[in-house]
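The sequence and structure are shown first.

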Amino acid sequence: MAHEAAAAPLLLPSAPATPPDAPRRNRFAFVCATLASMTTILMGYNLALMSGAQLFIREDLGLSDVQVEVLTGSMNLFMLVSILGAGWAADLLGRRGTLLLANAFLMAGALAMSLGGSYAALMAARFVTSVGVGFSRVVAPVYNAEISPPSTRGVLSSLLDMFVNVGILLSYVSNYALAGLPVHVGWRVMFAIGALPPAFLAAGVLAMPESLRWLVMRGRHGEARSVLVRTSDTPTEADLRLEEIKHAVEASTGSSGAWKEMLVRATKSVRRILTCVLGLQFFQQATGIDAIVLYSPLVFKKAGMSSNTAILGATVAVGVVKTCFILVATLFSDLVGRRPLLLASAAGTAVALASLALTLLCARAATATSAPLTTAAVLAFVAAFSVGFGPLAPAYSSEIMPLRLRAQGTGLGTAVNRVTCGLVTMTFISLADWITMPGCFLLYAGVAVAACAFVYALLPETSGRSLEDMDVLFAK
């Protein structure tokens with residue numbers, strides 16, 4: 001139609017002339033998924049920045065251990081508001097519009113944190129930031145799952161966690177680089193830096209095509225097919241994907257219908273899918289990854305490091321290793337499969353956490369090897385986590401949700417993930433005082449063993465399957 005052609009983004013010229021069904025390397029889908037995933041850089045930056053900034057905020061504002069604990073972990077609970085509303089926003093504004101809104105909240109939150117002069121002001125700023133983080137955490141994986149062809153969906157979906165970890169690494173570098181500034185200035189500059197990237201990321205989001213599902217919901221089938229031709233391996237596949245989306249939209253009864261289908265009138269396949277999604281999202285955080293991401297300075301202090309510079313340098317090493325090992329999942333999730341990587345990741349984290357607990361017990365003897373051994377155990381843990389559970393939990397959860405339930409189902413899974421993360425991060429210091437820090441990591445190791453059993457017993461392989469096959473796969 002004429003109005004559809006006029007409204008089509010400039011980024012979408014007519015598809016290149018290729019043989020009708022010749023598979024091709026899909027660069028356009030990669031670009032779209034990358035732009036959507038880059039929004040989560042600010043999520044990683046804002047969440048992990050507290051790991052080093054808390055050392056200076058505590059001294060500058062005189063915060064207690066409990067206040068630091070709550071300030072550090074509260075964002076995960078604040079996120080519930082935007083996480084549970086993200087599906088509604090994504091259907092109303094489109095995936096692209098919601099990601100733009102997320103960047104606006106991320107910029108406002110970063111500025112508010114940098115200007116905060118009291119505990120209450122910092123808590124309010126964390127809430128503003130959490131709205132942006134929640135939107136990006138739900139909508140980016142949904143967008144990636146919808147834009148990606150089956151042949152590369154694992155790679156493109158795992159980009160999300162890679163960029164989250166790029167943000168975490170940048171926060172660690174910021175902690176280290178600005179540690180020498182006056183106490184009352186350094187942590188404010190750390191947060192102020194986070195207000196700059198959202199403007200550039202918003203420009204990138206504007207260059208993306210709009211959500212396929214949203215275009216079909218608005219009756220803009222011509223635009224949707226133009227995007228699908230560019231993001232599918234063959235024209236035939238594009239037509240099949242368009243028909244799938246049309247049928248899903250026709251069957252959809254809106255957000256309230258989606259919630260009712262998931263929670264009240266769930267079929268056998270939907271119940272199993274929800275069990276897999278919620279269980280995977282729970283175990284990802286219950287293994288204690290954010291206790292390391294946010295409290296690694298305290299862990300390194302416990303191991304005998306006394307210099308803030310050495311401690312923050314060790315956290316940079318954690319960020320580098322975590323980011324590098326995500327590439328393993330990115331490169332091999334489609335070749336090896338999701339299930340083998342998730343099993344290896346769960347088993348590896350269990351061994352690494354038990355080793356970390358043992359090294360911290362030995363650190364009480366204050367030997368010269370305590371700090372290096374503890375650092376090695378922490379690095380082994382984040383490496384094992386990053387080859388599977390880190391990037392594949394959100395990717396797997398998004399791809400197995402039926403299209404008609406994907407926005408709300410992904411939001412529900414993310415809510416479980418963030419509540420679990422909030423409980424871990426808001427109790428770590430208190431739990432370490434109660435059962436000791438080695439006891440904490442032994443507890444997390446036990447959870448990792450349970451996660452391994454969960455993956456082995458319940459999660460089927462999804463690599464290479466089209467999204468419309470998921471209901472059949474999970475009905476078995």
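## Basis and overall make-up

A residue is called buried under 20% relative accessible area, exposed over 50% and partly exposed in between (1.4 Å probe, protein chains only). By this criterion, 58% of the 476 residues of the protein chain count as buried. The model is predicted: local features need pLDDT of at least 70, side-chain atom pairs count only at pLDDT 80 or more, and totals for chains, interfaces and linings use all residues. Residues are numbered from 1 along each chain as its sequence is written, and side-chain values use heavy atoms, with hydrogens and water left out.

Secondary structure is taken from DSSP runs numbered from the N terminus (helices: H or I, at least four residues; strands: E, at least two). The protein chain contains 24 helices and zero strands. With contact defined as heavy atoms within 4.5 Å, residues 24 or more positions apart supply 85% of the contacts in the protein chain that have a separation of 6 or more.

## Aromatic pairs

Rings of Phe, Tyr and Trp (its six-membered ring) pair if their centres lie within 6.5 Å; planes under 30 degrees apart count as stacked, over 60 as edge-to-face and the rest as tilted. F381 is buried at 0% relative accessible area, and F385 is buried at 3%.

The rings of F441 and Y444 have centres 5.8 Å apart and planes at 75 degrees, which makes the pair edge-to-face. Helix α23 (residues 437-458) holds F441 and Y444 three residues apart, about one helical turn. F441 is buried at 0% relative accessibility, as is Y444 with a relative accessible area of 4%. Together with Y295 and F428, F441 and Y444 form one aromatic cluster.

## Surface

Accessible areas come from the Shrake-Rupley method with a 1.4 Å probe; for residues, only the protein chains shown count as cover. The protein chain exposes about 17,200 Å², of which carbon and sulfur atoms supply 71%.

Like charges are joined within 9 Å, and nonpolar side chains (Val, Leu, Ile, Met, Phe, Trp, Tyr) within 5 Å. L327, L331, F332, L335 and V336 make a nonpolar surface patch of about 490 Å². V336 lies in the loop between α17 (308-332) and α18 (338-362) and is partly exposed, with a relative accessible area of 44%.

Terms used. Patches are made of residues with over 30% relative accessible area and no salt bridge: like charges are joined within 9 Å, nonpolar side chains (Val, Leu, Ile, Met, Phe, Trp, Tyr) within 5 Å. A salt bridge is a side-chain nitrogen of Lys or Arg within 4 Å of a carboxyl oxygen of Asp or Glu.
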